[in-house]
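Here are a few exercises to work through with the model open beside you. Try each task before reading its solution.

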Amino acid sequence: MSSGTLLGICGSLRAASWNRKLMLEAARIYDPAEFLDADLRLPLYDGDLEEAHGIPPEVQRLADQIKAADAVVIAGPEYNKALSGVLKNALDWVSRTKGGPWRDKPVAIVSAAGGRAGGERTQMTLRHAMNPFRAHVLPGPEVMIAAPEREFDENGRLVNEMPVKLLTELMEGLRRAAS
């Protein structure tokens, strides 16, 4: 039985990325909910493209999904000490749509990265990038998965107690914020 809609946004396009696995674990723990996996295969933001053709349909679809969702979980990899270009591009495009889809939206941020901090700078830069949208970004607990190759089993499930505990607490907070 579904209880609302959770939109997952993964800042990595790779199908088997650690962040996709983490996003799907978050959705599993958040359940029951209808889960939508956002597609960030968007054109690069270009003001000339926008002026000539308007908002691309795939961008409008993403903005509509954000607006309609009861809550959003964003899983972000860390590329060169910041959020991924894919994720930043999506935020830039959505900022150009009408209706403020992020406004007051409950959002949880998680990250997995090969470095020892597990995406700490991604979370910092993503929180900063989300600030103008006036979303309700949960302050924590921060879920940062370092050395993710040791944290997931062959089925994409987290195997260690502490990350599961933190992710569960974060998803419980997200559900409360969405109700």
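**Exercise 1. A charge and a ring**

Over the ring of which residue does the charged end of Arg175 sit?

*Solution.* Start with the rule: a charge sits over a ring if NZ of Lys or CZ of Arg is within 6 Å of the ring centre and within 35 degrees of the ring normal. The charged end of Arg175 sits over Tyr30, 4.1 Å from the centre of that ring.

Before going on, a word on the model: it is predicted, so local features need pLDDT of at least 70 and side-chain atom pairs count only at pLDDT 80 or more, while totals for chains, interfaces and linings use all residues. Residues are numbered from 1 along each chain as its sequence is written, and side-chain values use heavy atoms, with hydrogens and water left out.

**Exercise 2. Aromatic pairs**

Count the aromatic pairs and classify two of them.

*Solution.* Step one is the rule: rings of Phe, Tyr and Trp (its six-membered ring) pair if their centres lie within 6.5 Å; planes under 30 degrees apart are stacked, over 60 edge-to-face, and the rest tilted. That gives three aromatic pairs.

Step two takes Trp18 and Phe152: the ring centres are 5.7 Å apart and the planes meet at 25°, so this pair is stacked. Trp18 belongs to helix α1 (residues 18-30) and Phe152 to the loop between β8 (143-146) and α6 (161-178), so the pair links distant parts of the chain, 134 residues apart (helices, H or I with at least four residues, and strands, E with at least two, are DSSP runs numbered from the N terminus).

Step three asks about cover, where buried means under 20% relative accessible area, exposed over 50%, and partly exposed in between (1.4 Å probe, protein chains only). Trp18 is partly exposed at 27%, whereas Phe152 is buried at 7%.

Step four turns to Tyr45 and Trp93, an edge-to-face pair with 4.8 Å between centres and 75° between planes. Tyr45 lies in the loop between β2 (34-37) and α2 (47-53) and Trp93 in helix α4 (residues 85-94), so the pair ties together parts 48 residues apart in sequence. Tyr45 is partly exposed at 33%; Trp93, at 0%, is buried.

**Exercise 3. The nonpolar cores**

Which residues of the largest nonpolar core touch the most other members?

*Solution.* First, a nonpolar core is a set of buried Ala, Val, Leu, Ile, Met, Phe, Trp, Tyr and Cys residues joined through side-chain atoms within 4.5 Å. The largest core has 26 residues, and Ile9, Leu62, Ile74, Trp102 and Met130 touch the most other members.

Now zoom in on Ile9. With contact meaning heavy atoms within 4.5 Å, and leaving aside neighbours within four places in sequence, Ile9 has contacts including Met23, Leu62, Ile74 and Trp102. Finally, a second, separate core of 24 residues includes Val73, Leu138, Ile145 and Leu170.

**Exercise 4. The whole fold**

How many helices and strands are there in the protein?

*Solution.* The protein has six helices and eight strands. From the N terminus on, they run β-α-β-α-α-β-β-β-α-β-α-β-β-α. Buried residues make up 46% of its 179 residues. Of the contacts with a separation of 6 or more, 80% are between residues 24 or more positions apart.
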